[in-house]
Amino acid sequence: MEIPLFRAYNLEKKLGTPAKLFYKSEFFSPTGSHKVNTALAQAYYAKKEGFTRLTTETGAGQWGTALSYACALTDLKCTVYWVRAVHDWKHDRRTYMRLYGADVYASPSDKTEAGKVLYEKDNKHPGSLAIAISEGLEDSLGDQKAAYALGSVLNHVLIHQSIIGLETQEQFKKIDMYPDVLISCLGGGSNFGGFTLPFFGDVLTKNKKIQFIAAQSQSAPNLTGEYKYDYADHAELTPQLKMCTLGHQTDFKPIRGDGLRYHGCSPILSLLRNHGLIDTIAYPIDEKYVFDRAMMFMQTEGWIPAPESAYSVACAIDEAEKCKRTGEEKVIAFNVSGHGFLDIYGYNEVLGI
Ligand SMILES: Cc1ncc(COP(=O)(O)O)c(C=O)c1O
């Protein structure tokens, strides 16, 4: 199924911008986000290799849901360690994963050594993606029939996700246009990478000019971190990756778009950032600015973005407003990586509606 690329005519009109705005709607997938693109591939190969169970981390819960779905379809068991700060407010998403047959634990949990040391000190520990990765990995290492599946960061994940950008390229070809600016939110980098990497090919080999902007949170603006080798997880079970990192054991304040709260950025994107090819903006932790803009998108285009995707929307609106000031008719494409049907409580809390 081809995922649509929409022209945001109503939003353009509302903003009075000469920019042309396009958004890729990754929320069209069965579980409502881009994460299915790699979940299905990883489950398929795990099944083929004879594994019977996949373990994983999840932050926003979208990856956990996508992998639960992929495991159900491939007849694998699925165990999800879910960052507690999110697990505890997204009750419906927890049920959603369980409906697919997954076992879901708040992380840090008392199920693993990596989780237990933190859980026993504080049973309300908010957790982090780095901790949840350690738990999922440790669990899989203790069971020969289990494999660990990661939802972001790694090269194979970005390659699976590149279907987003490949489709977008074809869709622009059909309407004889080409983007000047590509925008997406960035946590570990899977939707940003998937959306932009095919276009980086154009920039690096075909002399095309595109501005790439990653929308992040001031809670964990990992692209502004140091470019060095670091662990992908808290308990240092992973190999070290060369990436922009804020430190694998650093505590970051939980946010509603918590899928963006991760210490490191994918090695491929970190390299591009290190070459000066990716710009970034980090929005305030209270998220009011971002969610206000997501509400404008909702009231003009109709879709409710996931809190993480709201960052992409906010950044696209910022760029469209810049065009209004300069009169530039830029073609701006942004990725809406997931829907927010199950995140309304987060919007409610931030906007006080
Ligand atoms: C809908 C959605 N978008 C974006 C992200 C951020 O992750 P990534 O940078 O890997 O796309 C997440 C992570 O949980 C997510 O659920």
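Let's start with helix 12, which covers residues 288–301. Its 14 residues reach 20 Å from first C-alpha to last, close to the 20 Å expected at 1.5 Å a residue (that expectation is 1.5 Å times one less than the number of residues). Helices here are DSSP runs of H or I with at least four residues, strands are runs of E with at least two, and both are numbered from the N terminus. This is a predicted model, where local features need pLDDT of at least 70 and side-chain atom pairs count only at pLDDT 80 or more, while totals for chains, interfaces and linings use all residues. Residues are numbered from 1 along each chain as its sequence is written, and side-chain values use heavy atoms, leaving out hydrogens and water.

Back on helix 12, the buried residues are Val290, Phe291, Arg293, Ala294, Phe297, Thr300 and Glu301; buried means under 20% relative accessible area, with a 1.4 Å probe and protein chains only.

Next, look at His34, in the loop between strand 2 (20–25) and helix 2 (36–48). Is His34 buried or exposed? It counts as buried because its relative accessibility is 4%. Leaving aside residues up to four places away in sequence, His34 touches Glu26, Gln161, Ile164, Ser190, Asn191 and Ser337 (contact means heavy atoms within 4.5 Å). With Ser190, the His34 side chain also makes a side-chain polar contact of 3.0 Å, that is, a pair of N or O atoms within 3.5 Å, one able to donate a hydrogen and the other to accept it, where residues adjacent in sequence count only if both atoms are side-chain atoms.

Note on methods
Buried < 20%, exposed > 50% of the residue type's maximum accessible area, 1.4 Å probe, protein only.
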